[in-house]
Amino acid sequence: MKIEIEIDGKKLQVEQNSMIIEAADNAGITVPRFCYHKKLSIAANCRMCLVDVEKSRKPLPACATPVTEGMVVRTRSKLALEAQKSVMEFLLVNHPLDCPICDQGGQCELQDIALGYGADASRYDQGKRSVADKNLGSLIATDMTRCIHCTRCVRFGTEIAGITEMGSIGRGESTEIGTYVEKSLSSEMSANIIDLCPVGALTNKPFRFRARAWEVLQARGVSAHDCVGSNLHIHHRRNKIMRVVPKENEAINETWISDRDRFSCEGLHSEDRVTTPMIKRHGQWEQVDWQTALHVAVEGLQTIAQTQSPSHIGALASSNATLEELYLLQKLMRGIGTNNVDHRVRQSDFHYQQATALMPTLPVAIADIEQQDLIIYIGGHPQFEQPLINHRIRKARDNGATVIMINPVDLKHNFDVSDKLIVANPLLPRALTAICRALSEQNPDAKTSAQELLQSVTADDKHQQLAKQLLAADNSLILLGAIAQHHQQGGLLHGLATLMASLGNSRVGLLTPGANATGAWFAGAIPHRGPAGLNVAKPGLDVKRMWESQLPAYLLLNLEPEHDCANSQRALKALHNADLVICVTPYKTAAMEQYADVILPMAPFTETSGTFINIEGKWQSFTAAVTAQGESRPAWKVLRVLGNLLELDGFNYVASTEITDELQALTANINSDQQINKWRYPSQLPAVNNGIERITYWPIYRSDNVVRRSVPLQNTPISDAPVIAMSQTLAEELTLKAGEDVVVSQVDTSITLPVKIDNRIAGNVVYIPAGFAETAALYESFGSVNIERK
Amino acid sequence: MVATREGQQMANANKARLSDSAKAEIDAWLTKYPQEQRRSAVIPALHIAQDENKGWLTTQLMDDVADHLQIPRVSVYEVSTFYSMYDLEKVGTHKVCVCTNLSCMLSDSDAVVARLKEKLKIDFNETTADGKFTLREVECLGACVNAPVMLLDRTYHEKLTPEKVDKILGELE
């Protein structure tokens, strides 16, 4: 309900339960503040927002005073200004006058407000208090003497990050903000406190002393690491990226970004960057000009296409590549005459690819996740896969939603899970089938073609109870995480989740890895469908079969198969045996130098224009923040020239936006009648192997080539060295002890990893991270492994 | 009081853990508060932990209290550093807390303080060499009617005089 109030003579219609400061902000009236932040709870402890309210005997804090009908507020009356100036004077008593050496200088709320409300000189002439700095880890620098105790960082921890690590220690004059014990912050969103801090107490550690706020130029960017597509402001100076900060977008990332989005830019200037084209001649790498390198690449591709067959060439791309790059890659391959193009490098199961929707999307907008009554999350760790989606799930939980986890590992979340079903990884399909059976028993009206499959399992009380909760919810959502998607039965799990949704009146959403998996599907970077879901006559090879077929030629786009692929050893074998491997990549790796023949340096996401389609289907285009380093070029240009040299039609683009427009026009072609979502369920579940199974996950800071090279991220407490985790029961069965090195082998290779005991892992399953040099030698990411004492 | 670095190191050297009987005592307190507000029991819980550890709290004990109450550890540190009744560094067997606020001062708490310092041979916030006494200057103890006042461990001693101080200390020795 709206009521009328007056602020500074302006009559305003405002929401009844709002505070004066919100009404003023909405009306564009500035009230100075430090502790108030629209996304945090009200603390009213800085007192900077004192305003003059008629009929009140003294000034009132605008952030904590609710509006009432007919209220008359003056924000700049004599009383208000005097109060504000007095508060300012108190805040400055202990604040050091070190703006010239403070990183916050020029972008500091205290500095700005002191300019408007501070006195010319301080009347305080005694010693100022000093506070020892705290070590909060590799991301956040501290100068706690500057702290004014607004407690925004403390409230952020509890309310947004979901992990209370900072607090107000001591009292009165000796109050300090800190962790009490020395502790690096472990939240995946921790660095947002840098933006929240209104003074220079918490600043960006890697950015420290690198540039002044007024020296940098600001470019708009989109996060290239998860399917959320967080909006970024990229700050650069003299053609070098200095730092990344969030760009507010209420519908996507609100005012936050994850630490991965903020600090991945530290990996952009890594020593591994390739800035000149390179070819391998007689086993030796040579730096050459573009013409030579492209010539070698084209000649190689032509030779194989002519002497063997175009279908002997395979192209693989990262799902972090832009829409334009992926579109040109598939156009190139299809122009040569093959459908062997794929981006689903972490997936193990492609059986049901024809049944899936044209592109993976969420059935609701990202912002609407928080409005759900019930969310079932299957297989994965949302906090460390999609931090900002996890934030929305957490908000849904706060709003009273039921959040159910179905996982092979009882992972820790930063919210209380309402209910969970923890099953050994190979039994995940069985568990979902059992829930489907329970659903079909409880909801007999729903028809399904999977009756035979459902009859093959039994549903116990737990399954019945989960089914009951799903049926009772009006607004529910089933989300599939990374483990479910990469699972050896990933296709079936997707199908079963779809069945659950249709029997339980719910909807399914996939949370895909990378920034642009949705875009990759739309662009046609899949072997079985063309751009905009166009049917292809004869599907090409999927990732798995491209590796297994040991093709003579591979074209890799923005990919490091040894770190990025599900079956890294199989990939390495295929690449080593190939006659021609062309890598279009921003970085080189030791392995790449072994298997590649041509390295074409491409610009990473900050140095190219392009588009990402996020998981809610939103197209977000961006331009290059800085020009490409050295001789590297945006990959769309590289692919365009490759197309020209191969004399293919339709590669005459002048700008990347022409490609975007061409794709935009294709959206009209999407044929809704296509044969999709017609799942053909098997009559029974595949047999379960009794041996020891491996689950592979990509830790948050090993997720892609840029992130892996960000040193500050590698030094956080959530970046652990690789270990093999297993339950106590399994360790005892194998007579292994925690910390002991074991030999983990698959087929004909083995690696050595230390054992970690983790009783959250169900069954005879070991949990091994990927994205490390140490684990690259393993085969199938989901499959049986042998474990022996060293 | 915020613990000093040395104090913290010393605290970390003390390996005392919260005992089962202390946990049982804390559980008894928990029944007095709503189930979802376990944090309410933090003050009595810290007292229990402190009493068990010769009058002071180590970081380990605070962590144990936090884990037992299932609340963030820093929330316990916030409470223990806020209240002066919790000691985060090793203290004497007996804590002598003498009030020097207005009413006590007017009733000559200075003489009481002088006698305490003379007898114990320590200043405020110090502990005697034999580890028996720690002397504290505290704010109003809320017994102004019988000023000057001091709190010795858990007992109030009122209407103090230097002679009374001798007697009280003498009885302890």
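**Entry 1: the contact of chains A and B**

I looked up the contact between the two chains of this predicted model, and found that 14 residues of chain A and 14 residues of chain B take part, where contact means heavy atoms within 4.5 Å. Chain A and chain B bury about 1200 Å² between them, with 62% of it on carbon and sulfur atoms; buried area is the accessible area (1.4 Å probe) that two parts lose on being put together, summed over both. Of the area that chain A buries against chain B, Thr164(A), Arg171(A) and Tyr180(A) supply 52%, more than any other three residues.

I then searched for pairings across this interface and noted zero salt bridges, a salt bridge being a side-chain nitrogen of Lys or Arg within 4 Å of a carboxyl oxygen of Asp or Glu.

**Entry 2: salt bridges**

Side chains of opposite charge can pair when their charged atoms come close. Over all chains, I found 50 salt bridges in the whole structure.

Next I followed the salt bridge of Glu560(A) with Arg708(A), at 2.9 Å from N to O. Glu560(A) lies in the loop between strand S22 (553–557) and helix H18 (561–564) of chain A, and Arg708(A) in helix H23 (residues 705–708), so the pair ties together parts that are 148 residues apart in sequence. Helices (H or I, at least four residues) and strands (E, at least two) are DSSP runs, numbered from the N terminus. Glu560(A) counts as buried at 0% relative accessibility, and Arg708(A) is buried too, at 7%.

In chain B I checked Asp63(B) and Arg73(B), which form a salt bridge with closest N and O atoms 3.5 Å apart. Asp63(B) counts as buried at 10% relative accessibility, while Arg73(B), at 38%, counts as partly exposed.

**Entry 3: helix H8 of chain A**

I noted that 13 of the 14 residues of H8(A) are buried, and that Gly337(A), just after this helix, takes a positive phi of about 115°.

**Entry 4: how I read the model**

Residues are numbered from 1 along each chain as its sequence is written, and chains are lettered from A in the order in which they are written. Local features need pLDDT of at least 70 and side-chain atom pairs count only at pLDDT 80 or more, while totals for chains, interfaces and linings use all residues, and side-chain values use heavy atoms, with hydrogens and water left out.

Note on methods:
Buried means under 20% relative accessible area, exposed over 50%, partly exposed in between (1.4 Å probe, protein chains only).
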